[in-house]
Amino acid sequence: MTLRAALRALRRNKLRSGLTTLGIVIGVAAVIAMVSIGRGANYAVQKQIESLGTNLLMVMPGATTSSGARSGWGGVSTLTVQDAQRIAEESSAIDGVTWFKRAVAQAVYGERNWSTSVQGVSPDYMTVRGWSMAQGEFFGQRDEDTANRVTVLGRTVADELFGPGEDPIGATIRLKDVPFRVIGVLQRKGQTMWGQDQDDVALIPFSTAERRVLGTEFLGAVDMIFATARSAAEISVAEEQITTLLRQRHRIQPGQDDDFTVRDLGEMAQASQTASRVMTSLLLAVASISLLVGGIGIMNILLVSVTERTREIGVRMAVGAKGRHILLQFLVEAIALSLLGGLLGAALGIGSARLVSALAGWPTLVSPGAVFGAVLFSAAVGVFFGFYPARKAASLDPIAALRYE
Amino acid sequence: MAALIEVRDLWKVYEQGDLRVEALRGVTLEIEAGESVAVMGASGSGKSTFMNVLGCLDRPTSGSFRLGGREIANASADERAELRCREIGFVFQSFNLIPRTSALENVELPLVYAGVAAAEQATRANEALRAVGLAGREQHLPNQLSGGQQQRVAIARALVNQPRLILADEPTGNLDTRSSMEILEIFQRLQRESGLTLIVVTHEPDIAAHFARVITFRDGEVISDTRQTPRVAVAGVRA
Ligand SMILES: Nc1ncnc2c1ncn2[C@@H]1O[C@H](COP(=O)(O)OP(=O)(O)OP(=O)(O)O)[C@@H](O)[C@H]1O
Ligand SMILES: [Mg+2]
């Protein structure tokens, strides 16, 4: 009955009720959308960390300058195969090392061609990167030793060169005009944090790359070394060991900058996660302000409503309503208003999270807990901001209320 | 046995700054259960003030007011609400129905506050509307009813909790003669059938003639209290 009366009172002023709840609607929608987007981003970062390989360290040629930019790209690489091999031999905190050399090259199969990154990699590449085969097999030490012209394609390259019905395994494609036999296709790995497609690669044995494709000028130089630490706890030790070893090998004097860069990708991912968390909390704070403003709006409208309906309150009291009946009536009205706003806001929030996913391509993850919490909180806003007007109504004197004009 | 209403030296004083209005100045009287009383007097003589105290809507400044032997001059707000709910039905000059709310729901209101079960509310409210000749108008809104019909809804609302006492402050003040007669007829029938105690404020001697006792106020005091044989109201009730 109280609920029915409250809903009727709200329906009587549809526009006013609608505008009043708008603050709550926006607040709740913002909270839910923000949490969904934030969670989606975290989830994506988490997946990227996993896709990079666990406990992975990247060693790149070139120093990190104070501005954070690295020099050395495209220049003569300062890292060599021997560096990588020594890291594998001497660093106790490291249990896997792989390296590669790459170049952008045209891949051609029959009529089709596709520009991709051709990477000459050492045989351990798959284990270190934690990558696996979708089809066929990876090349081994024998292919490395004899510089065989075999290639393993990333998913993107395979899809671009081969039609849906065609089997890439056994086909011969040309990389930089050199014929290669496809012996395997990699499992899809997705994008890196900076949006690079990891599946847009053609892997070939390192020796093949040096001798037959990428040219022999910089024999022994590598573009990047990957090393895996034995455990997450040993990552920083591994990083130190690599740095010490390479400084020594490259004869860098104390006080001089490194001519290479070691990066812990997990740490980078975590940093970006922290950034997104900070962003989410900031936006949540803004959303909470919207909820607060919405609450004040509800309080304001209820105060107006109490004044407008003073006579009605008087009549209700005259026929036997106690203070608490009146209190409850207005409180229920406040809660109905804010809950309505909360539910609308939840729908809007979920909707806009979906829309953001669809339009911007950001991953979003709607959290049932956040939806429930936001709706519950909106009800609490109703109780909190509805209480004062409701108590004001309940404490009216019946005769004064009846005489009110 | 004590009278239903016992009022002793009842005062009501309004003070607004330097202005002091003595609306009731030591009213003393008794009204037995089942009586029908007309309250008369000039405008501003304190009739409404007196009725509001009897109706537990207002508190007297001083004096004693016993209802059914129980002192309630200083009852708490909740106790007075309880009395308004169960013991007293109040009818106003301006009807005071809740706007945009059906006749039926208006009549159900006291039952809601008395905590009567929802199913019983409708049954009893329908019964009360039938008793005032408004069967078939249950779903009408107040603004879809004539003044006389609105006042009958208000009477049904006053009756629905089966109170011992009905108070009406100029119930026919806004109505034409014909509607006034209908209201009087209903009051007389109720009183005859259920032994209600009825106190009605009126300015018109023609109306007062329908009550067995007439109390007259002047300047906050009772100046006369007479008994008579009430005239019987006749008006074919239009539904
Ligand atoms: N809230 C109030 N504040 C101050 N004075 C009041 C108040 N209510 C009533 N009065 C005064 O009390 C006196 C009695 O008023 P009351 O309404 O009881 O008269 P009444 O007999 O009902 O008059 P009427 O026949 O016009 O309805 C009047 O002088 C009025 O001005
Ligand atoms: Mg009056």
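1. B:Arg227 and B:Glu35 form a salt bridge (a side-chain nitrogen of Lys or Arg within 4 Å of a carboxyl oxygen of Asp or Glu), with the closest N and O atoms 2.8 Å apart. B:Arg227 belongs to strand β10 (residues 221–227) of chain B and B:Glu35 to the loop between β2 (19–31) and β3 (36–41), so the pair ties together parts that are 192 residues apart in sequence; helices (H or I, at least four residues) and strands (E, at least two) are DSSP runs, numbered from the N terminus. B:Arg227 counts as exposed at 59% relative accessibility, whereas B:Glu35 is buried at 11%, where buried means under 20% relative accessible area, exposed over 50% and partly exposed in between (1.4 Å probe, protein chains only).

2. This is a predicted model, in which local features need pLDDT of at least 70 and side-chain atom pairs count only at pLDDT 80 or more, while totals for chains, interfaces and linings use all residues. Residues are numbered from 1 along each chain as its sequence is written, chains are lettered from A and ligands numbered from 1 in the order in which they are written, and side-chain values use heavy atoms, with hydrogens and water left out.

3. Over all chains the count comes to 26 salt bridges, and between chain B and chain A it is one. That one pairs B:Glu82 with A:Lys322, the closest N and O atoms being 2.5 Å apart. A:Lys322 lies in the loop between α10 (310–318) and α11 (323–360) of chain A and B:Glu82 in helix α2 of chain B, so the pair joins two chains. A:Lys322 counts as buried at 13% relative accessibility, and B:Glu82 as partly exposed at 28%.

4. B:Glu82 also forms a salt bridge with B:Arg86, at 2.4 Å between the closest N and O atoms; both residues lie in helix α2 of chain B, four residues apart, about one turn of the helix. Elsewhere, salt bridges that share partners join B:Glu15, B:Arg20, B:Glu22, B:Arg25 and B:Glu221 into one network.

5. The interface takes 22 residues from chain B and 22 residues from chain A, contact being heavy atoms within 4.5 Å. The two chains bury about 2,100 Å² between them, 56% of it on carbon and sulfur atoms; buried area is the accessible area (1.4 Å probe) that two parts lose on being put together, summed over both. B:Leu57, B:Arg84 and B:Tyr113 supply 28% of the area that chain B buries against chain A, more than any other three residues.

6. Chain A is assigned domain 1 (2–48 + 270–402) and domain 2 (77–258), with bounds from an automatic or database domain assignment. The C-alpha centres of these two domains lie 55 Å apart.

7. Helix α7 (residues 206–213) of chain A is mostly covered, with six of its eight residues buried. The elements of chain A that cover these buried residues include α3 (81–90), β2 (94–109) and β8 (201–205). A:Gly215, which follows α7(A), has a positive phi, near 90°.

8. A:Ser91, in the loop between α3 and β2 of chain A, counts as buried at 5% relative accessibility. Leaving aside its neighbours within four places in sequence, A:Ser91 is in contact with A:Arg86 and A:Gln241.
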